[in-house]
Amino acid sequence: MTERDWDLSEAPLIPLRNVVVFPYHVLPLFVGRPKSLKSIESALATNRKIVLVCQKDESNEDPGLADLYDIGVGAEILQLLKLPDGSDRVLVEGVRRVRVTNVRSDDELLVASVEPLPADEKTSTERQALMRVVLDQFSQYVELSKKLPSESVNNVSGVTEPDRFADLIAGSLLLGAEDRQTLLATLDAAERLHRIAELLAKEIYVLELARKIESDVKAKIDQSQREYYLREQVRAIDKELGEEGEEAGEVGEYRQKLEKIHMPAYVHDKIDEELGRLAKTPAMSPESSVIRTYLDWLVGLPWDIRTADKIDLKRARKVLDKDHYGLEEIKDRILEYLAVRKLSDKAKGPILCFVGPPGVGKTSLGKSIAETLDRKFVHVSLGGIRDEAEVRGHRRTYVGAMPGRIIQGIKQAGTKNPVFLLDEIDKVGADFRGDPTAALLEALDPEQNTQFSDHYIEIPFDLSEVLFLTTANVSDTIPSALLDRMEVISLPGYTDEEKQQIARHFLLPKAMHQHGLKPEDLVIDDGAVLAIIQQYTREAGVRGLERSLVRICRKVARAEVEQKKLFKGVTVNADNLAGYLDLAPYSYTSLIKEARVGVACGLVVTQYGGDTVYVESTRMDGKGNLQLTGQLGDVMKESAQAALSYIRTHAVDIGLDPHFIEKTDLHVHVPEGAVPKEGPSAGVTMATAMVSALTGRKVRSDIAMTGEITLRGQVLPVGGIKAKVLGAYRAGIRKLILPEENRRDTSKISPEISKKLEFTFVNDIAQVFEKALMPVEPASVSRGRR
């Protein structure tokens with residue numbers, strides 16, 4: 001049949017779903033829609049010619065002109081078969097491309113007005129070359145694809161017309177409806193061949209990749225089946241010889257390891273039980289991998305391996321002094337522990353908690369203690385942990401389950417008595433996955449940790465010989481039950497004199513060694529070190545001091561490399577320090593040096609150590625309102641209310657009109673409003689500032705104070721006295737007012753600092769007013785304003 005045999009301008013129409021028919025293409029169609037069945041009947045009754053067009057949306061049951069593609073094919077019905085379900089199976093052959101210009105419904109059938117499109121009969125050398133390329137690609141495509149018969153290549157290899165060749169191959173490709181429609185709508189044969197070449201290249205790449213994946217999977221399966229077959233043969237041979245599973249394979253290897261390890265009987269029994277399960281589990285079963293991993297952990301733990309303590313108090317003192325300056329309380333506690341261990345090896349390890357601001361040496365103390373005892377050292381950071389399983393492990397039912405960090409650390413150390421540092425214990429959180437601090441209760445309790453149970457290990461492990469150390473910046477966030485199990489040792493921070501010694505003997509030599517500097521290359525005098533401490537750092541520890549010294553070393557190292565032989569060494573003093581560290585960000589001259597009305601200096605403890613804070617108060621005409629600003633917490637606000645109530649009750653004693661509050665408003669502000677503030681220890685400071693503002697009496701600028709106030713004017717004790725005293729000392733304040741009941745806390749302060757300070761201990765707020773407030777000035781009596 002040629003295209004001349006199909007020259008109608010109108011013919012019955014069958015819309016096709018996801019099917020595109022090409023000229024020269026013979027294929028069966030299953031027809032079930034009533035209108036399509038009527039179209040077949042009409043075609044068979046006349047000339048057997050019909051129009052086949054793919055519809056755009058296959059779900060449309062009654063498509064119109066807008067729902068059909070504009071290019072279809074004129075075809076001839078070759079054969080019809082009626083099916084039992086009422087549908088037709090019709091064999092059609094595409095004859096010629098047609099453009100559908102209109103569709104009408106006539107006697108329950110669709111009739112299409114079409115414009116027959118001529119075939120592209122042009123030939124050229126380029127088209128012949130394209131045909132060869134496409135034929136080679138099609139041969140490779142048929143070879144890779146399992147859905148096309150090998151005869152498909154023979155059917156097209158003898159065709160010489162480019163247009164017919166392109167349509168025969170396009171009709172054979174397993175493409176989507178959109179790609180097939182695009183090829184049908186491409187009238188130029190050369191352009192059609194180009195598109196077919198692109199589609200074939202893509203399909204060949206996909207088929208090659210699929211074949212490679214299939215080959216890899218088959219190889220793995222074949223290898224697994226081979227291993228399984230060989231293992232079953234070995235097992236059958238062992239069974240015939242009466243040696244089934246005793247000393248063969250992995251089970252035998254584990255049993256050989258057990259002979260070399262000394263462990264408690266209950267551990268040995270558990271391993272025997274798991275080895276029995278492993279022997280009965282097929283090698284390819286996922287469960288066998290879980291059992292092997294579990295056995296590796298049990299065999300690898302140091303059930304009875306410990307290091308011998310080297311108990312020499314003189315050597316221990318030298319090691320501690322070598323790495324840390326000061327910290328006498330901690331050093332004494334470690335030496336006491338060593339002395340007890342020398343007298344009795346049954347003493348349980350203490351659980352020490354080092355609480356102090358950053359940079360005071362809490363973490364490095366753990367390493368020094370391990371070196372002193374000649375034990376292994378394990379460091380675990382708990383900051384940000386929120387999952388209980390991080391501490392106690394996951395149960396083996398979970399994929400990828402592992403023991404918790406404590407058991408992991410014990411295996412890492414290889415001994416059952418390491419020094420175990422749990423860093424940042426105050427930053428452990430809790431959420432829906434559990435509370436990690438609750439899991440630590442068992443590990444950090446000397447009465448319970450002999451039977452510590454990890455969810456993964458499932459059998460008890462003795463932690464009683466472990467020396468647990470913990471660190472924290474503050475103890476407030478540690479749960480009370482956990483805090484009760486630990487011996488808390490505070491590290492409030494270093495004084496300027498201590499920082500100078502640390503810089504001179506530890507930090508500067510270390511920095512110079514790291515930067516390749518010799519002693520003659522850099523000299524930093526005491527004045528420069530003190531200036532760095534006071535003007536370039538504001539901290540309780542020494543990290544900022546170390547960074548400043550390192551910065552100087554970097555600049556000196558650069559100068560030595562650039563100047564080479566001309567370099568004569570550098571001496572850094574207070575005068576030229578800014579040339580190495582730029583301008584000083586802090587200055588103690590910013591402290592208020594003159595007495596003022598309504599401004600009192602208080603003492604606080606932050607996570608960075610002790611510090612001073614100023615409380616400002618001013619009075620205004622009003623109706624008795626008290627305004628509090630500075631991001632104060634509830635407890636601090638209540639302290640201010642208590643102070644005002646005391647002032648109103650004792651107005652006459654203080655020198656105020658009993659009815660002053662009726663015409664007066666008070667505003668109390670604590671600077672640095674972006675920083676949250678909380679606690680009752682600022683009570684006396686706020687009371688002093690308010691009395692000063694109301695009476696006009698100035699507050700002495702050389703005095704700082706702390707203490708909680710009651711409605712009766714009693715001054716109650718507060719915490720953090722050592723840190724607060726050191727903070728005042730660093731700030732240059734030498735006169736302090738403290739609660740009487742805190743007198744005993746000042747004994748912990750070194751004598752070198754105590755003798756430079758003047759302490760006033762008080763029981764009543766009236767004593768604070770007497771000591772801190774200056775006599776009223778005549779000009780200030782009337783208003784009491786600054």
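**α10 and α11.** I looked up how helices α10 and α11 lie to each other and noted that they are roughly antiparallel, because their axes cross at roughly 155°, where angles over 145 degrees count as roughly antiparallel, under 35 as roughly parallel, 65 to 115 as roughly perpendicular and the rest as oblique. The axes of α10 (residues 313–323) and α11 (residues 328–343) come within 10 Å; axes are lines fitted to C-alpha atoms, for helices over the stretch in contact, with angles from 0 to 180 degrees between N-to-C directions. Helices (H or I, at least four residues) and strands (E, at least two) are DSSP runs, numbered from the N terminus.

I recorded that this is a predicted model, in which local features need pLDDT of at least 70 and side-chain atom pairs count only at pLDDT 80 or more, while totals for chains, interfaces and linings use all residues. Residues are numbered from 1 along each chain as its sequence is written, and side-chain values use heavy atoms, with hydrogens and water left out.

The crossing of α10 and α11 is right-handed, the term for a near helix turned clockwise from the far one by less than a right angle, anticlockwise being left-handed. For the contact (heavy atoms within 4.5 Å), I listed L313, A316, R317, L320 and D321 on the α10 side, meeting E328, K331, D332, I334, L335, L338 and A339 of α11. By class, this contact has 7 nonpolar, no polar and 5 charged residues, with Ala, Val, Leu, Ile, Met, Phe, Trp, Tyr, Cys and Pro counted as nonpolar, Asp, Glu, Lys and Arg as charged, and the others, Gly among them, as polar.

**A316.** I then followed A316, which lies in α10 and is buried at a relative accessible area of 0%; buried means under 20%, exposed over 50%, and partly exposed in between, with a 1.4 Å probe and protein chains only. Leaving aside neighbours within four places in sequence, A316 is in contact with L335, L338 and T372. The C-alpha atoms of A316 and L338 are separated by 8.7 Å, although the two residues are 22 apart along the chain.

**The sheet.** I traced an open sheet of 5 strands in the order β8-β9-β12-β7-β13, with parallel pairing, where two strands pair if DSSP finds at least two bridges between them. Its edge strands, each pairing on one side only, are β8 (377–381) and β13 (487–490). Neighbouring strands are turned by 20° against each other on average, direction ignored. Between β8 and β9 (residues 419–423) I noted 5 bridges in the parallel sense, with H379 standing opposite L421 in β9. Helix α14 (residues 405–413) packs on the sheet, touching β8 and β9, and its direction makes about 155° with that of β8. Helix α11 lies across β7 (351–355), β12 (467–472) and β13, running at about 145° to β13.

**α18 and α19.** I found that α18 (residues 526–536) and α19 (residues 543–563) pack at about 125° with their axes 10 Å apart, and are therefore oblique to each other; their crossing is right-handed. I532, I533 and Y536 in α18 meet L545, S548, L549 and I552 in α19, which by class gives 6 nonpolar, 1 polar and no charged residues.

**Buried places elsewhere.** I checked α4 (residues 162–172), where 9 of the 11 residues are buried, so the helix is largely enclosed by the rest of the structure. In α21 (residues 634–649) I looked at S639, which counts as buried at 7% relative accessibility. Not counting residues up to four places away in sequence, S639 touches G679, P680, G683, M686 and I709.
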